[in-house]
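The sequence and structure come first.

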Amino acid sequence: MQLPDAAALDGELIIWDAAGCLAFERLQNRLARRGAGATRAAEEWPAYFVAFVLLRLSGTDTTFWPYRRRMAALKSVFAARRLSAPWALCPSTTEADIVREWLTWAGAGG
């Protein structure tokens with residue numbers, strides 16, 4: 001995966017299983033393979049880069065920007081560069097009710 005020009009992102013490589021849960025063991029398995037085995041694993045278990053935050057934009061350190069500005073800039077990078085799979089934005093919110101719901105969610109990691 002090539003990083004969009006003039007932007008530095010923080011995120012994580014992930015693989016989802018058939019049930020939509022994070023499958024860290026499949027990512028580890030893919031990283032251990034080489035050659036044709038790596039190609040087959042990539043086709044069977046595609047990886048995604050989930051971006052959490054924009055660290056730099058056109059040489060500017062964005063880590064001191066307010067949260068809403070950083071998220072808006074990250075979304076703009078995705079929109080301007082038409083990023084889609086294997087690129088993904090990490091869901092985020094500042095709404096307390098949504099945060100409470102996410103904290104009860106058991107789907108991640110199975």
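## Overall make-up

A residue counts as buried when its relative accessible area is under 20%, as exposed when it is over 50%, and as partly exposed in between. By this rule, 25% of the 110 residues of the protein are buried. The model is predicted, and every value below is computed from it.

The protein has 4 helices and 4 strands. Read from the N terminus, the order of elements is β-α-α-β-β-α-β-α. The C-alpha trace spans about 45 × 35 × 20 Å along its principal axes. The accessible surface of the protein is about 7,500 Å², and carbon and sulfur atoms contribute 56% of this area. Among contacts with a separation of 6 or more, 60% are between residues 24 or more positions apart.

## Strand pairing

Strand β2 has pairings with β1, β4 and β3. With β1, the pairing is antiparallel and covers 8 bridges; within this pairing, D10 is opposite V53 in β2. With β4, strand β2 runs parallel, and 3 bridges join the two. Here A51 faces L89 in β4.

The pairing of β2 with strand β3 (residues 60-61) is antiparallel and rests on 2 bridges, with R56 opposite D61 in β3. These two strands, β2 and β3, form a hairpin with 2 residues between them. In the turn, S58 has a positive phi of about 50 degrees.

## Aromatic pairs

The structure contains 2 aromatic pairs. In one of them, the ring centres of W16 and Y48 are 5.1 Å apart and the planes meet at 55 degrees, so the pair is classed as tilted; an angle over 60 degrees would be needed for edge-to-face. W16 is in the loop between β1 (7-14) and α1 (24-32), while Y48 is in strand β2 (residues 48-57), so the pair ties together parts 32 residues apart in sequence. W16 is partly exposed at 38% relative accessibility, and Y48 is partly exposed at 23%.

What geometry do the rings of F49 and W87 adopt? Their centres are 5.4 Å apart and their planes are at 70 degrees, so this pair is edge-to-face. F49 belongs to strand β2 and W87 to strand β4 (residues 87-89), so the contact links parts that are 38 residues apart in sequence.

## A charge over a ring

A further ring contact involves a charged side chain. R69 lies over the face of W65, at 3.7 Å from the ring centre.

L103 is part of helix α4 (residues 96-104). Is L103 buried or exposed? Its relative accessible area is 69%, so L103 counts as exposed. Between L103 and L55 there are 48 residues of sequence separation, and their C-alpha atoms are 26 Å apart in space.

Note on methods:
Residues numbered from 1 in each chain as written. Predicted model: local features only at pLDDT ≥ 70, side-chain atom pairs only at ≥ 80, totals over all residues. Heavy atoms only, no water. Buried < 20%, exposed > 50% of the residue type's maximum accessible area, 1.4 Å probe, protein only. Phe/Tyr/Trp six-rings, centres within 6.5 Å; stacked < 30°, edge-to-face > 60°. Lys NZ or Arg CZ within 6 Å of the ring centre and 35° of its normal. Pairing = 2+ DSSP bridges. Contact = heavy atoms within 4.5 Å. Areas by Shrake-Rupley, 256 points an atom, 1.4 Å probe, with all protein chains shown as cover.
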